[in-house]
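Me: Hi, I've got a model open and would like to go through it with you. Can we take it piece by piece?

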Amino acid sequence: MSATKKFMYVNRKAPYGTIYAWEALEVVLIGAAFEQDVSLAFIDDGVYQLTKGQDTKGLEMKNFSPTYSALGDYEVNKIYVEKESLEERGLTLDDLQHLVWEDEDDDYAEKDSIRLVSRAELADVFADQDVMFNF
């Protein structure tokens, strides 16, 4: 018997300069392929991973930010962004990519994947998970 578990992937690092963000994204896609209940959280400098218009030409690294738009195809539609982390970096939701998923139960209506939550609300979400990975 296989039970679905709730997996939370917490992203705390900026998208480039280390391998953490890229590795986290790969692990998320693998977890989703095995039909687990996958959620992502972006806190601290991790909120930069979702910003629009990333340009890596000077870094000699692949820009993997467009991959986030595929998360909805993997049924990863619970993406939590900590409000305080955004504010501390002078960012708003308008600075982030617009990530959506298609709800099959609602005639494939596109729905927002990003949920802006306070630090306290995110603590409650964390408490409800079976497994957490920190990147």
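Me: Where does Arg12 lie?
Reply: Arg12 sits in the loop between β1 (6–11) and α1 (20–33). Keep in mind as we go that this is a predicted model.

Me: Thanks. Is Arg12 buried, partly exposed or exposed?
Reply: Arg12 is partly exposed, because its relative accessible area is 34%, and partly exposed covers what falls between under 20% (buried) and over 50% (exposed).

Me: Which residues does Arg12 touch, leaving out those up to four places away in sequence?
Reply: Arg12 touches Ile43, Asp44, Asp45, Gly46, Asn134 and Phe135.

Me: And how far apart in space are Arg12 and Gly46?
Reply: Their C-alpha atoms are 4.1 Å apart, although Arg12 and Gly46 are 34 residues apart in sequence.

Me: What does Gln49 touch, beyond residues up to four places away in sequence?
Reply: Its contacts are Asn11, Lys13, Ala14, Pro15, Ala21, Phe42, Gln54, Tyr68 and Gln97.

Me: And Ser65, buried or exposed?
Reply: Ser65 counts as buried, at 7% relative accessibility. Ser65 lies in the loop between β2 and β3. Not counting residues up to four places away in sequence, Ser65 touches Tyr16, Gln54 and Gln97. Gln54 and Gln97 are also among the contacts of Gln49.

Me: Changing topic: how much space lies in the largest pocket?
Reply: About 370 Å³.

Me: Which residues lie nearest its centre?
Reply: Gly72, Asp73, Glu75, Trp101 and Glu102 lie nearest the centre of the largest pocket, out of 22 residues in the lining.

Me: Which strands supply at least two residues of the lining?
Reply: β2 (37–42) and β4 (100–103) each do. The largest share comes from β4, with four residues.

Me: How does the lining split by class?
Reply: The lining of the largest pocket has ten charged, seven nonpolar and five polar residues.

Me: Now a helix. Where is Leu86?
Reply: Leu86 is in helix α2, residues 83–88. It counts as buried, because its relative accessibility is 2%.

Me: What does Leu86 touch, again skipping residues up to four places away?
Reply: Leu86 touches Val47, Val81, Leu91, Thr92, Leu93, Leu96 and Leu116. Leu86 and Asp45 are 41 residues apart in sequence, with 8.7 Å between their C-alpha atoms.

Me: What about Ser118, where does it lie?
Reply: Ser118 lies in the loop between β6 (114–117) and α3 (119–127). Apart from residues up to four places away in sequence, Ser118 touches Glu82, Lys83 and Glu84. The C-alpha atoms of Ser118 and Tyr80 are separated by 9.5 Å, with the two residues 38 apart along the chain.

Me: Let's zoom out. How many helices and strands does the chain have?
Reply: Three helices and seven strands. From the N terminus on, the order is β-α-β-β-α-β-β-β-α-β.

Me: Last one: what percentage of the residues is buried?
Reply: Buried residues make up 41% of the 135 residues. The accessible surface of the chain comes to about 7,900 Å², with 48% belonging to carbon and sulfur atoms.

Notes:
Residues are numbered from 1 along each chain as its sequence is written. This is a predicted model: local features need pLDDT of at least 70, side-chain atom pairs count only at pLDDT 80 or more; totals for chains, interfaces and linings use all residues. Side-chain values use heavy atoms; hydrogens and water are left out. On a 1 Å grid over the protein atoms alone, a cavity is a set of points where a 1.4 Å probe fits but cannot get out, and a pocket is an open set with protein on both sides within 12 Å along at least five of seven lines; lining residues have an atom within 4 Å of a point. Grid points are joined across faces, edges and corners, and a volume is the space filled by probe spheres set on the points. Ala, Val, Leu, Ile, Met, Phe, Trp, Tyr, Cys and Pro count as nonpolar, Asp, Glu, Lys and Arg as charged, and the others, Gly among them, as polar. Contact means heavy atoms within 4.5 Å. Buried means under 20% relative accessible area, exposed over 50%, partly exposed in between (1.4 Å probe, protein chains only). Accessible areas come from the Shrake-Rupley method with a 1.4 Å probe; for residues, only the protein chains shown count as cover.
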